[in-house]
Protein chains: 2
Amino acid sequence: MKRQQAHRAIAKASSLPIEVDFREAVPLTEQIRNQIRALIARGKLQPGDQLPTVRQLAADLRVNFNTVARAYRMLEKEALISVRHGRGTFVLAPVSEASKEALKRETLHSLAHHLVQQARALGLSEHEVMAALRRAWQEDEPP
Amino acid sequence: MKRQQAHRAIAKASSLPIEVDFREAVPLTEQIRNQIRALIARGKLQPGDQLPTVRQLAADLRVNFNTVARAYRMLEKEALISVRHGRGTFVLAPVSEASKEALKRETLHSLAHHLVQQARALGLSEHEVMAALRRAWQEDEPP
DNA sequence: TGTATCATTGTATCTTTGTATCATTGTATC
DNA sequence: GATACAATGATACAAAGATACAATGATACA
């Protein structure tokens, strides 16, 4: 019976505004990947920006740096970032208007899935979630 | 192929103070599950503690590791532990029955606000978000 | 200027840990 | 006995971690 105190539920990074939840069913790689994709989609990360090194972000999030490296490689496959051995990782410019749209769609998709996944874990009904979302939409002041 | 099992009447684990009795009518999964639940209830296992790996405990108890994994997953459904692929299994902090509902509402509220905030930052309409959510709800397999 | 050396950064690969799926076994029911 | 079902086991798979390696760039010094 180990008294291992390595288990923090949530870890926030300081090098990037993202966080991981170790209790969630979603794999860490996916969590990291989805949040970085969202940052790019929202313009919080701009073309040319350098991402933290895999070791830096991994230390922040208290995960293995290979986990971050895997997330980066997947984002590279999506043509969102460029990962260069020995140099670092950089945000790419979207190649077309269509790819920007695709990025937005994919981001919304993953955000929606995240909410559904969490809601289901709480045993909430579709109706409850929809209602909460409508309410939230009105409560948040429109821009 | 005949399997000699007479030697396993009772097996005690060294990695956890629990044991299984192969002659008992109660399924092994239940025996393991009940005893771990009791250890948590009595505080012998505390929030943050790491449980033995499924293979470790299985070897101790002379049981297939899937049997332990099943017990772990059931305990996870009871919200007593968190089982993470590739990482291990950890005891969760208890949530009182009384605060469960409030916590659920709070979580839903913050999840909904988060989605709204992100969606607005992406310049999406309420209708688009609602539609995406409905789709996501159907894509995730219903329990 | 060239290059040796070292620190930094990502990569490859193997291990550890849980998951998914199908096969086997034992038991209840007919 | 035959059959159906639940429990357990066997095996292949996938996520995350550990460790050794390779590419790049900075620095020192001949």
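Visitor: Which helices and strands supply the surface near DNA strand C?

Guide: In this predicted model, helix 2 (54-61), helix 3 (65-77), strand 3 (81-84) and strand 4 (88-91) of chain A, together with helix 2 (54-61), helix 3 (65-77), strand 3 (81-84) and strand 4 (88-91) of chain B, each supply at least two residues of that surface.

Visitor: What makes the approach of R55(A) to DNA strand C a polar contact?

Guide: A polar side-chain atom of R55(A) lies 2.7 Å from a base nitrogen of DNA strand C, and a pair of N or O atoms within 3.5 Å counts as a polar contact, so the pair qualifies. By the same cut-off, N66(A) qualifies with a polar side-chain atom 2.8 Å from a base nitrogen of DNA strand C. For G86(A) it is a backbone N or O atom that lies 3.5 Å from a base oxygen of DNA strand C.

Visitor: How do you know that the charged end of R55(B) sits over a ring?

Guide: The charged end of R55(B) is 4.3 Å from the centre of the ring of F65(B) and sits over that ring; the distance part of the criterion asks for a value within 6 Å. The charged end of R120(A) likewise sits over the ring of W137(B), 4.5 Å from its centre. As for pairs between rings, the structure holds zero aromatic pairs over all chains.

Visitor: What surrounds DNA strand D?

Guide: DNA strand D is surrounded by 26 residues, of which the closest are L28(A), N66(A), L28(B), N66(B) and H85(B). Of the atoms of DNA strand D that come within 4 Å of the protein, sugar and phosphate account for 54%. Helix 1 (28-41) and helix 3 of chain A, with helix 1 (28-41) and helix 3 of chain B, each supply at least two residues of the surface near DNA strand D, and the residues of this surface divide into eight nonpolar, twelve polar and six charged.

Visitor: Which part of DNA strand D does T67(A) approach, and why is T67(A) called buried?

Guide: A polar side-chain atom of T67(A) lies 2.6 Å from a phosphate oxygen of DNA strand D. The relative accessibility of T67(A) is 13%, and buried means under 20% with protein chains only taken into account, so T67(A) counts as buried. T67(A) is found in helix 3 of chain A and, not counting residues up to four places away in sequence, touches L28(A), T29(A) and I32(A).

Definitions and conventions: Residues are numbered from 1 along each chain as its sequence is written. Chains are lettered from A and ligands numbered from 1 in the order in which they are written. This is a predicted model: local features need pLDDT of at least 70, side-chain atom pairs count only at pLDDT 80 or more; totals for chains, interfaces and linings use all residues. Side-chain values use heavy atoms; hydrogens and water are left out. Rings of Phe, Tyr and Trp (its six-membered ring) pair if their centres lie within 6.5 Å; planes under 30 degrees apart count as stacked, over 60 as edge-to-face and the rest as tilted. A charge sits over a ring if NZ of Lys or CZ of Arg is within 6 Å of the ring centre and within 35 degrees of the ring normal. A polar contact is a pair of N or O atoms within 3.5 Å; within protein, one must be able to donate a hydrogen and the other to accept it, and residues adjacent in sequence count only if both atoms are side-chain atoms. Helices (H or I, at least four residues) and strands (E, at least two) are DSSP runs, numbered from the N terminus. A residue is near a molecule or strand if one of its heavy atoms lies within 4 Å of it. Ala, Val, Leu, Ile, Met, Phe, Trp, Tyr, Cys and Pro count as nonpolar, Asp, Glu, Lys and Arg as charged, and the others, Gly among them, as polar. Buried means under 20% relative accessible area, exposed over 50%, partly exposed in between (1.4 Å probe, protein chains only). Contact means heavy atoms within 4.5 Å.
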